[in-house]
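I opened my notebook to look around this protein one piece at a time. Here is what I looked up.

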Amino acid sequence: MNNKINYRKRDGQRLTISEYKKRRKVEIIRRLSLFSLSVVLVLVLIISAVIHFKNTDKNEETSANADESVSMASETAIVDTIVEESQEPEEISPYKEKSVDSASFFEGYKVEVSDSTDYINSENVLSTYALLVNLDNGTAVASKEGTVRINPASMTKILTLLVAAEHITDLDDTFEMTQAIGDFVYSHDCSAVGFSVGEKLTVRDLLYGTILPSGGDAAMCLAEYVAGSQEAFVDMMNDKLTELGLSDSAHFTNCIGIYNEDHYCTLMDMAMILKAAEENNLCHEVLSTRVYTTSNTVEHPEGITISNWFIRRIEDKDTHGEVVGAKTGFVVQSGCCGASYQISNDGTHYICVTADAWSSWRCIYDHVEIYDTYTS
């Protein structure tokens with residue numbers, strides 16, 4: 001058998017089948033190697049391109065984000081500026097004016113009972129607790145348990161008046177008496193002006209109604225008008241106590257003076273609360289009013305005439321001066337209480353506070369005795 005085949009390669013050689021297969025195999029391997037190398041090179045180029053484009057996109061995105069952040073910051077600054085420029089300034093109560101009398105008062109709300117403070121031992125002062133403070137020099141003139149914790153009863157409403165006066169902006173604005181307020185006042189057996197459910201009341205009427213007849217209905221309306229709820233208003237009252245430096249010994253739980261173990265202060269605290277109120281011109285005006293008639297309403301076409309009976313009952317008594325502001329209070333646990341502000345015959349300003357008298361008249365006579373004994 002002839003092992004030669006008649007096959008001519010490009011080099012012109014004639015090969016046996018075995019040699020042909022061998023060379024063919026080598027050729028195939030070489031071509032495959034070249035092809036593989038080409039594929040690898042292509043893949044490398046593709047991967048390099050992808051990485052390049054990704055880095056480019058990332059850089060562009062970073063740059064875009066940075067530009068966007070700068071843009072957003074600029075827009076935020078612009079928006080903030082616009083908001084600041086467009087926001088209306090917070091309304092400040094015009095009823096924070098100082099009273100004329102306060103020009104002679106001592107600074108601050110800190111008075112100490114000292115060795116120079118007389119002890120009130122007169123048999124004509126029957127209240128368990130009593131205190132007299134000189135507002136001009138900031139001294140405790142006389143005291144009987146004046147730093148003992150009590151429940152202030154409706155003397156609480158002095159602070160209610162003060163906090164409200166510092167936050168209202170329109171005395172002629174109105175508030176509608178609600179059924180919930182009426183039910184609250186009735187269920188707690190509070191004194192009341194006599195406002196009707198659904199009656200639209202002016203803020204001015206609520207202020208006078210809170211003090212003169214000690215109206216729980218007026219105080220509750222005032223609290224909800226100012227703060228939206230009694231709870232929020234009480235928070236404002238306690239904030240005011242903190243502002244005055246009285247929060248270590250005074251804390252209130254309601255705006256009326258309803259008894260509560262956590263509703264308390266000392267006579268000294270109440271004297272300083274009354275001092276702060278007398279320093280406010282609007283509060284001074286309300287506290288010194290003897291008789292007031294509320295605005296005409298559908299329910300009360302002629303208004304309701306109310307009186308500050310403490311001032312009216314003490315005005316003809318000899319106190320060595322004139323009592324020009326006062327607020328009474330009563331709960332069973334504290335008896336009859338009273339806080340009054342007097343200008344003596346020599347022009348000195350005093351505050352007297354008493355608690356635990358057996359009647360409202362006894363409370364008044366105790367104030368008369370204290371003024372008569374310790375002022376001139």
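Predicted model: local features only at pLDDT ≥ 70, side-chain atom pairs only at ≥ 80, totals over all residues.

**Cores.** I looked up the largest nonpolar core and found 76 residues in it, with L207 and M270 touching the most other members. Helix α7 (residues 267–279) gives the largest share of this core, 9 residues. Another core, of 21 residues, lies apart from it, and A130, A142, V323 and Y371 are among its members. Nonpolar side chains tend to be buried together in soluble globular proteins.

**L207.** Which residues is L207 in contact with, leaving aside neighbours within four places in sequence? I got L161, A164, I168, L171, L222, L282 and V286.

**Surface patch.** Next I went to the outside. L43, I46 and I47 make a nonpolar patch on the surface, with about 280 Å² of accessible area together. L43 sits in helix α1 (residues 17–86). Its relative accessibility is 46%, so I put L43 down as partly exposed.

**Sheet.** I traced an open sheet of 6 strands, in the order β3-β5-β4-β12-β11-β10, with mixed pairing. Why is one side of β3 and of β10 left without a neighbour in the sheet? Both stand at the edges, each with a single partner strand. I343 has H349 in β12 as its bridge partner.

Notes:
Residues numbered from 1 in each chain as written. Heavy atoms only, no water. Patch = residues over 30% accessible without salt bridge, like charges linked within 9 Å, V, L, I, M, F, W, Y side chains within 5 Å. Areas by Shrake-Rupley, 256 points an atom, 1.4 Å probe, with all protein chains shown as cover. Salt bridge = Lys/Arg side-chain N within 4 Å of Asp/Glu carboxyl O. Helix = DSSP H or I, 4+ residues; strand = E, 2+ residues; numbered from the N terminus. Buried < 20%, exposed > 50% of the residue type's maximum accessible area, 1.4 Å probe, protein only. Core = buried A, V, L, I, M, F, W, Y, C linked by side-chain atoms within 4.5 Å. Contact = heavy atoms within 4.5 Å. Pairing = 2+ DSSP bridges.
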